[in-house]
Amino acid sequence: MKLEERINAIAALGDYLKELDETTKNDLFLRAANENPWFTQESLHLAWQGILNFLTKEKVTQWTSSYSFAENKLKKVGLVMAGNIPMVGFHDLLSVIIAGHKALVKTSSQDSALIQFIINSLNEIQPELGGRVAVVDRLNDMEAVIATGSDNSSRYFDYYFSKVPNIIRKNRSSCAIISGEESREELLALGDDLFSYFGLGCRNVSKLYVPKSYALPTLLDAIQPFNQLLEHHKYRNNYDYHKSIMLVNGEPHLDSGFSLFRESTDLVSPVSVIYYEFYEDEAALSQKLLANQEKIQAIASHKGQYPKSIPFGTLQKPELWDYADGVDTLKFLSGL
């Protein structure tokens, strides 16, 4: 299949998923939630809309326009997918398909129903393209690998996949820079970056950098509409647990009533906890970010004014060309 044919098939998949009847979609979402209790209806709908945003002819054409694909060099590419947020591995799958290769997919046990449904749908719409995707229990006979996991699993991946071209992703998290110039609406948008998917994604903000003079209660007041997070039992358990630990240990913290804010130099905070760190000036802030650049997935700031940052409320709305870890997946695949 030529690139244009693949683009048309992907656009047709988007149209099919967009028109999916509510009964089928509700059943799919129920099966996904049974696999992973963090997958609420709100999270699933958010992820679903994000996928639909990808699957248009205009977006995929724009995405692929600067690459050259060898149509006669089909490779078997193994995909090890994560399961922290719904369909988090879909972008890798789409990249392999659009690059003209065959995907050997190892789904996460916590997110298999959604990925399998999309693969089945593609097979119905365009069997030739769908036939290039296989869900497998073990990765064998692959010629390249894209694997996503934790820092611990990445050591295993580095060893096991060392003999083939690979992209190995480790733990990363995102941060936000507060300048003090934000409106209440911007701070509410920052709440989306903090709390969508319960903060479980690598593009969720787990660390805030705030100026010395900033009054953090201003932020805590603005994000109160997210207090419904406590209705989820797993999130509530995390909040209660970390709150009790902080109280017992006498750790200074701020309590929004549903999330905890604690000063720390660490980047990755547990569920229901947000770390913050004060900065003196932009030069000092730049040094902090530079020292941690290998661990930062994305940065949000006031109107995206800080270099290489994007506006509040957009972190969990990536485009096709927003590559995880800053590694150009399509460039990697086109060079196989």
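Tutor: H91 is found in helix α5, residues 90-98, where helices (H or I, at least four residues) and strands (E, at least two) are DSSP runs numbered from the N terminus. The model is predicted, so local features need pLDDT of at least 70 and side-chain atom pairs count only at pLDDT 80 or more, whereas totals for chains, interfaces and linings use all residues. Residues are numbered from 1 along each chain as its sequence is written, and side-chain values use heavy atoms, with hydrogens and water left out.

H91 counts as buried because its relative accessible area is 14%; buried means under 20%, exposed over 50%, and partly exposed in between, with a 1.4 Å probe and protein chains only. Leaving aside neighbours within four places in sequence, H91 is in contact with F54, W63, L320 and Y323, contact meaning heavy atoms within 4.5 Å.

From here we can turn to the nonpolar core, a set of buried Ala, Val, Leu, Ile, Met, Phe, Trp, Tyr and Cys residues joined through side-chain atoms within 4.5 Å. The largest such core has 90 residues, and those that touch the most other members are F90, L93, L208, L219 and Y235. In soluble globular proteins, nonpolar side chains tend to be buried together. Beyond the four places on either side in sequence, L208 is in contact with A176, L190, L194, L219, F261, I274, Y275, Y276 and E277.

I274 and Y275 lead on to S269, which is in contact with both of them and with S206, again leaving aside neighbours within four places in sequence. S269 lies in the loop between β9 (260-263) and β10 (273-279) and is buried, as its relative accessible area is 14%. A polar atom of the S269 side chain lies 3.2 Å from the backbone oxygen of S206, and a polar atom of that side chain lies 2.6 Å from the backbone oxygen of V273.

In D325, which lies in the loop between β12 (310-311) and α13 (329-334), phi is near 60°, a positive value in a residue other than glycine, and D325 counts as buried because its relative accessibility is 17%. In D141, which lies in the loop between β3 (133-135) and β4 (144-148), phi is likewise positive, near 60°, but D141 is exposed because its relative accessible area is 56%.

P252, in the loop between α11 (233-249) and β8 (254-255), is also exposed, at 70% relative accessible area. P252 and T329 are 77 residues apart in sequence and 42 Å apart in space, C-alpha to C-alpha.

Finally, the second largest pocket is lined by 20 residues, of which I296, Q297, A298, I299 and K308 lie nearest its centre. The elements that give two or more residues to this lining are α12 (282-291) and β11 (296-301), with the largest share, 4 residues, coming from β11. A pocket here is an open set of points, on a 1 Å grid over the protein atoms alone, where a 1.4 Å probe fits and protein lies on both sides within 12 Å along at least five of seven lines, and lining residues have an atom within 4 Å of a point.

Key:
Polar contact = N/O pair within 3.5 Å; in protein donor to acceptor, adjacent residues only side chain to side chain.
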